[in-house]
Amino acid sequence: MVIVFQSKPSLIAGGVVAGPLEKRSIFSQYFDANYDDERWQMKTNEQGHRKMVEEACEFAMKKAGVKKTDIDYFMGGDLINQMTPTNFAARDLDIPFIGLFSACATSISSIIVASLLTEVGASNFALAGASSQHNAVERQFRYPINYGSQKPQTAQWTVTAAGYALIGKHQEEYPSIEAATVGKSVDYGMDDPFHMGAAMAPAAFQTIQSHLEQRNQKIYHYDLILTGDLGQLGLKLLKGMFVESGIKSEELTPLRDAGAEFYGQDETFQSGASGAGCSAAVFLSYVIQQMRAGTFKRVLLVATGALLSPLTFQQGETIPCTAHAIEITMK
Amino acid sequence: MAMTFVFAFFVGGIICAIGQLLMDYGKLTPGHTLSTLVVAGAILDGMGLYEPLINFAGAGATVPITSFGNSLTHGAIAEAERHGLVGVLTGMFEVTSSGISAAVVFGFIGALIFKPKGNVD
């Protein structure tokens with residue numbers, strides 16, 4: 001069921017920090033900072049990951065001119081076991097905190113919960129977002145980077161980035177969160193962890209279709225419908241599903257994918273970018289800034305997540321996927 | 001003589017291509033691929049097919065990991081003929097011991113000198 005926010009919480013600011021390889025992203029000009037060190041000068045990847053979360057939050061607060069003590073809630077997550085990078089960042093941020101896991105769809109599930117807290121009057125300011133760190137994620141889900149394992153062309157590249165939004169009560173001058181759709185866990189029987197885009201595309205399709213139907217909208221009502229990290233192949237599949245459902249392919253121009261565009265045409269990154277930090281970074285830098293500049297008036301952000309664990313795919317289980325969406329407008 | 005180089009090139013290449021196909025299309029992990037090739041080499045030698053391959057292609061058959069499986073079977077059979085069933089256990093590592101020891105020693109030296117790096121270290 002679609003959630004319609006009567007109070008229209010505002011997306012006041014976004015803080016995005018990214019790693020060294022992400023300088024090659026076509027979106028890097030919109031990020032607040034790009035670091036030269038993948039580990040943020042810390043000893044381990046996980047410690048660097050934690051630091052990245054803290055810095056993204058600090059950027060979001062600084063831009064909005066609010067202090068840590070003004071924040072009522074901190075909602076977020078990452079892809080590492082037990083979400084320790086985010087949990088440890090929460091320890092240092094010292095703000096009431098709930099960790100949320102929707103894999104790479106966590107940025108949007110966090111924003112939905114923060115918006116609900118704002119809607120019911122429990123929160124004046126809340127931080128919500130997600131992050132991922134390439135080395136840490138690859139080691140956990142596939143192989144350690146140092147091992148030098150081969151990856152097929154369908155594989156995607158986990159982004160090192162953190163994106164956090166500051167959600168507050170409605171204010172005219174900021175993008176408003178109008179509605180949200182919480183996705184189901186969808187499983188079409190895909191079992192290849194190197195082909196996540198294909199696994200996630202049906203989840204994205206279901207969520208977008210359900211959102212449009214219940215809101216009584218068509219794709220052309222949107223300037224942009226941006227999915228999180230389907231990659232080039234996943235986006236192609238998603239477009240194919242819309243065409244099959246009777247929509248003409250020329251009507252699909254608002255449909256884009258952050259992961260497919262993230263690294264441009266660079267073949268080093270195979271089928272494009274992925275990771276919780278991919279959608280979080282693009283949504284909360286490029287999209288917000290373009291909305292404030294007036295390029296986009298109505299946007300649907302659809303973060304997609306593959307809900308697998310390293311154990312489930314070793315045991316031969318298929319990969320359930322989800323997609324959560326928020327509809328944002330700018331006057 | 002010159003033809004041995006050509007045969008080595010092709011036979012070695014074919015064994016490696018099989019490994020690559022197992023990873024790309026068989027969806028095997030690198031560990032599974034390695035084990036599969038070792039077992040394949042062992043079975044081929046059990047059927048008496050690996051020795052002729054070595055005679056034909058030289059290093060093209062001895063360098064790939066399948067040759068390790070061949071050596072395991074070879075040692076086991078040779079010792080079993082001399083000492084009976086116990087020979088199966090003692091024989092396996094008699095032929096392969098130099099290879100295993102070399103892996104340990106050179107692996108150790110390599111680890112002392114080099115540090116594996118990530119994408120952007």
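This report walks through some features of a predicted model with chains A and B.

## Two domains in chain A

Let's start with how chain A is laid out. Chain A splits into domain 1, covering 2-168, and domain 2, covering 176-329. Where they meet, 53 residues of domain 1 of chain A are in contact with 58 residues of domain 2 of chain A.

Which elements give two or more residues to the side of domain 1 of chain A that touches domain 2 of chain A? They are β1 (2-4), β2 (10-18), α3, β6 (125-132), α4 (134-141), β7 (157-158) and β8 (161-168) of chain A. Of these, α3(A) gives the most, with seven residues. Sorted by class, this side of domain 1 of chain A has 30 nonpolar, 18 polar and five charged residues.

## Helices α1 and α2 of chain A

Next up is a pair of helices in chain A. Helix α1 (residues 45-64) of chain A packs with α2(A) at an angle of about 50°, and their axes are 8 Å apart. That angle makes α1(A) oblique to α2(A). As for handedness, α1(A) and α2(A) make a right-handed crossing.

On the α1(A) side you'll find E46(A), H49(A), R50(A), V53(A), E54(A) and C57(A), which meet T84(A), P85(A), T86(A), F88(A), A89(A), D92(A) and L93(A) in α2(A). The residues of this contact come out as six nonpolar, three polar and four charged.

## Two loop residues with positive phi

A couple of loop residues in chain A are worth a look. M83(A) isn't a glycine, yet it has a positive phi of about 50°. You'll find M83(A) in the loop between β4 (73-77) and α2 (84-93) of chain A. Is M83(A) buried or exposed? M83(A) is buried, as 20 other C-beta atoms lie within 10 Å.

A103(A) also has a positive phi of about 50° without being a glycine. The loop that holds A103(A) runs between β5 (97-99) and α3 (106-119) of chain A. A103(A) has 29 C-beta neighbours inside 10 Å, so it counts as buried.

## Around D223(A)

Now for a residue in another loop. D223(A) sits between α5 (196-214) and β10 (224-227) of chain A. With 17 C-beta neighbours inside 10 Å, D223(A) counts as partly exposed.

Which residues does D223(A) touch, leaving out those up to four places away in sequence? The answer is P254(A), F296(A), K297(A), R298(A) and V299(A). D223(A) and E173(A) are 50 residues apart along the chain, and their C-alpha atoms are separated by 19 Å.

## Over to chain B

Chain B has a helix pair of its own to look at. Helix α5 (residues 66-83) of chain B and helix α6 (residues 85-113) of chain B have axes that come within 6 Å and cross at roughly 135°. α5(B) and α6(B) are therefore oblique to each other. The crossing in which α5(B) passes α6(B) is right-handed. Among the residues that make the contact are F68(B), L72(B) and H83(B) of α5(B), along with L85(B), M92(B) and F93(B) of α6(B). By class, the contact of α5(B) with α6(B) divides into 11 nonpolar, nine polar and three charged residues.

Finally, how do the chains meet? Nine residues of chain B are in contact with 10 residues of chain A. The side of chain B that touches chain A has four nonpolar, two polar and three charged residues.

Terms used: Residues are numbered from 1 along each chain as its sequence is written. Chains are lettered from A and ligands numbered from 1 in the order in which they are written. This is a predicted model: local features need pLDDT of at least 70, side-chain atom pairs count only at pLDDT 80 or more; totals for chains, interfaces and linings use all residues. Two residues are in contact if their C-beta atoms, placed from the backbone, lie within 7 Å. Ala, Val, Leu, Ile, Met, Phe, Trp, Tyr, Cys and Pro count as nonpolar, Asp, Glu, Lys and Arg as charged, and the others, Gly among them, as polar. Axes are lines fitted to C-alpha atoms, for helices over the stretch in contact, and angles run from 0 to 180 degrees between N-to-C directions. Helices (H or I, at least four residues) and strands (E, at least two) are DSSP runs, numbered from the N terminus. Angles under 35 degrees count as roughly parallel, over 145 as roughly antiparallel, 65 to 115 as roughly perpendicular and the rest as oblique. A crossing is left-handed if the near helix is turned anticlockwise from the far one by less than a right angle, and right-handed if clockwise. A residue is buried if 20 or more other C-beta atoms lie within 10 Å of its own, exposed if 12 or fewer, and partly exposed in between; C-beta atoms are placed from the backbone. Domain bounds come from an automatic or database domain assignment.
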